[in-house]
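Walk through this model one stop at a time.

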Number of protein chains: 2
Amino acid sequence: MGTRIEEALRLRFTHHGDTAERYGSEFAALWRAAADHSLGGKLVRPRLLLDIHRALSDHDVSEPPLTAIDVAAHIELLHYAFLLHDDVIDGDLTRRRRPNLIGSLAASAPGSTEEGALHWARSSAILMGDLLLTAAVMGFARADVPDATRLGLLDLMEQTILETVAGEHTDVALSHGIVAPDLDTVLNMSVYKTATYSFSLPLRAAALLAGASANAERTLTTVGRRIGLAYQLQDDLLSVFGDHRSHGKDPFSDLREGKETAMIAYARSTPAWPRIERRFGAPDLTVPDAVEIRDLLRDCGAEAFATDLIGDQLDEVHTLLADAELAGDIGPDAAGTILRTVTRLEGRQA
Amino acid sequence: MGTRIEEALRLRFTHHGDTAERYGSEFAALWRAAADHSLGGKLVRPRLLLDIHRALSDHDVSEPPLTAIDVAAHIELLHYAFLLHDDVIDGDLTRRRRPNLIGSLAASAPGSTEEGALHWARSSAILMGDLLLTAAVMGFARADVPDATRLGLLDLMEQTILETVAGEHTDVALSHGIVAPDLDTVLNMSVYKTATYSFSLPLRAAALLAGASANAERTLTTVGRRIGLAYQLQDDLLSVFGDHRSHGKDPFSDLREGKETAMIAYARSTPAWPRIERRFGAPDLTVPDAVEIRDLLRDCGAEAFATDLIGDQLDEVHTLLADAELAGDIGPDAAGTILRTVTRLEGRQA
């Protein structure tokens with residue numbers, strides 16, 4: 001299945017790259033670089049769509065229909081568009097310890113100053129993000145499905161983009177202290193910025209394509225949010241408490257960047273906060289500093305709080321799915337498929 | 001007619017602003033600021049669409065149909081999305097001597113450093129650009145027209161965005177010396193970056209909505225490019241030779257920014273270039289410096305070259321329209337409407 005999605009994505013990029021050739025070699029090179037950086041991922045979102053689409057479909061489908069593969073591939077393009085603009089906004093030059101598109105373009109910019117090379121690379125990433133965002137919406141707009149389904153897909157895409165952008169906007173506002181980092185704001189931000197497009201979108205698109213009921217779609221929306229929030233909370237935990245050799249991220253980067261997570265929001269309400277605050281967000285945070293904050297976050301109950309919150313999300317997923325199964329909104333196959341995703345999540349170390 | 005377009009735009013912004021409220025007051029404020037900055041423009045693009053749509057329509061339409069107004073309004077949203085990302089890329093904080101969205105947001109950012117305020121404002125502009133780009137594509141995807149027309153509109157929108165982004169990408173490459181500033185590259189860049197979406201897009205959308213022939217659409221595509229290029233060349237001339245009290249731009253800003261225009265590309269091939277080059281693109285360019293470069297551009301023939309090139313574009317528009325009228329592809333009404341646009345352009349001082 002991964003191969004089919006890869007193939008669909010590769011086709012999209014080849015098509016665009018060929019057209020780009022007409023506008024000059026630099027523009028064609030940008031498309032090739034974007035293809036290099038976006039292909040080869042784990043394809044979590046499109047795989048989720050196809051898995052749940054098969055489980056929701058009445059008839060037995062051994063091969064996913066072309067339309068579902070196509071919609072799934074466009075969700076991956078949307079993901080990549082968001083990553084690009086996110087990296088521009090965050091000033092990131094790497095992703096998972098390798099240069100991201102911006103880092104690669106800046107490193108290979110011919111005869112420029114460092115500042116010029118960065119400007120060139122960031123501008124290119126803004127523009128490529130625009131193209132991939134357009135491609136994603138176009139993919140939904142041109143889906144070969146009945147009119148009502150297409151309009152449903154478009155509403156879903158529009159709401160998803162609005163919510164993701166709103167989440168990113170709040171994230172930037174939090175990083176500048178423009179909104180207060182209370183727990184509700186931080187949790188909503190996580191749901192909007194990541195859960196909506198990473199989990200609710202593929203689940204709901206699968207429901208629309210499989211002709212599932214409005215009740216089923218509503219359940220899947222909430223299920224997606226809960227799974228996505230659990231995923232984000234686990235990411236937060238891994239960044240501070242995880243084994244940094246295995247999860248592939250910069251050790252303690254969240255603490256160094258002063259990232260406003262649910263754990264930090266909790267810690268603010270405890271007597272440990274003044275001691276955490278001293279070095280939290282310091283660009284020159286040392287490992288001993290980070291270890292001290294980590295221990296404080298454990299001792300003040302923030303780690304347990306995040307772990308419990310993950311448990312709450314997953315419990316709610318179980319309850320929602322059991323209720324939906326009882327009401328006949330979602331079949332046991334679909335519920336089982338989602339629960340397997342959750343199980344993979346629970347054991348996740350990276 | 002302007003009122004009907006304004007009304008349609010205002011409705012879009014009100015709708016989005018109301019939805020945004022759900023995601024926090026900062027996000028709603030961003031929508032309000034975007035509405036403030038994008039409403040009140042001259043609406044050149046949507047007006048052109050409605051004018052030419054009326055002229056191309058068989059039946060007499062005193063009121064433009066709602067669908068045409070709606071598509072026209074979404075072209076204005078696309079224009080604003082491009083302006084926002086362009087301003088981020090160029091680092092501009094003003095437009096027509098007033099603060100742009102970035103300038104306003106940076107000035108009102110609460111309790112941040114100047115660097116922080118700029119980051120907040122630019123990040124917000126990237127995100128708002130994403131939302132408006134999405135809105136523009138959605139507007140085309142949901143147009144209440146027959147399937148074939150809708151697919152035509154989507155192809156048009158996709159090609160327009162690709163070409164505009166390619167033009168902007170080349171513009172950035174030129175500014176970093178990554179591509180050589182030869183005349184062809186500079187002229188193509190102007191057509192792609194501005195002419196395609198500002199002129200070809202409204203003309204072609206009008207043709208599609210009015211059910212004009214493929215030949216008519218092909219003629220209008222080229223006509224739009226020629227008008228757009230003439231418009232850009234006139235802009236270049238005004239920035240250097242215009243009366244700075246009337247055209248509302250920063251005097252000599254093109255020379256101070258080292259903008260690669262057709263005039264400059266021409267001047268590079270003349271013996272005057274070494275003297276122009278000395279201060280061209282100097283951030284601290286003085287008025288006497290600029291006046292010297294201006295006189296050199298006149299004496300070396302660059303001004304006349306640009307003026308002639310504008311004449312060539314407008315001659316070609318006349319020829320194309322006359323041929324299309326003869327062939328019965330475009331009626332005299334439509335040709336006349338376009339020629340009036342051209343005439344307004346010829347007399348333009350700002």
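L43(B) sits in the loop between helix 2 and helix 3 of chain B. Helices here are DSSP runs of H or I with at least four residues, strands are runs of E with at least two, and both are numbered from the N terminus. The phi angle of L43(B) is near 55 degrees, a positive value in a residue other than glycine. Most residues other than glycine have a negative phi. L43(B) is also buried, with 21 other C-beta atoms within 10 Å. The cut-offs are these: buried means 20 or more other C-beta atoms within 10 Å of the residue's own, exposed means 12 or fewer, and partly exposed lies in between, with C-beta atoms placed from the backbone.

Chain A has its counterpart to look at. L43(A) lies in the loop between helix 2 (25–38) and helix 3 (44–56) of chain A. Its phi is near 55 degrees, again positive in a residue other than glycine. L43(A) counts as buried, because it has 21 C-beta neighbours inside 10 Å.

A word on the source. This is a predicted model, in which local features need pLDDT of at least 70, side-chain atom pairs count only at pLDDT 80 or more, and totals for chains, interfaces and linings use all residues. Residues are numbered from 1 along each chain as its sequence is written, while chains are lettered from A and ligands numbered from 1 in the order in which they are written.

How confident is the predictor? Chain A averages a pLDDT of 92, and 95% of its residues score at least 70; pLDDT is the predictor's confidence in each residue, from 0 to 100. The complex gets an ipTM of 0.95 and a pTM of 0.95.

Now take chain A as a whole. It has 16 helices and two strands. Its radius of gyration is 21 Å, close to the 20 Å that the globule rule gives for 350 residues, so chain A is as compact as a globular protein of that length. That radius is taken over C-alpha atoms, and the rule is 2.2 Å times the number of residues to the power 0.38. Of the 350 residues of chain A, 51% count as buried.

Go inside. The largest nonpolar core has 224 residues, and L49(A) and L49(B) touch the most other members. Such a core is a set of buried Ala, Val, Leu, Ile, Met, Phe, Trp, Tyr and Cys residues joined through C-beta atoms within 7 Å. Beyond its neighbours within four places in sequence, L49(A) contacts residues including V71(A), I75(A) and P202(A). Contact means that the C-beta atoms, placed from the backbone, lie within 7 Å.

Last, the pairing. A rotation of 180 degrees with 0.0 Å of shift along its axis superposes chain B on chain A, with an RMSD of 0.0 Å.

Across the interface, 42 residues of chain B are in contact with 42 residues of chain A. Helix 6 of chain B gives the most to its side, with 13 residues. And 100% of the interface residues of chain B are also interface residues in chain A, so the copies meet through the same surface.

How values were computed: Least-squares fit on C-alpha atoms with pLDDT ≥ 70 in both. Contact = placed C-beta atoms within 7 Å.
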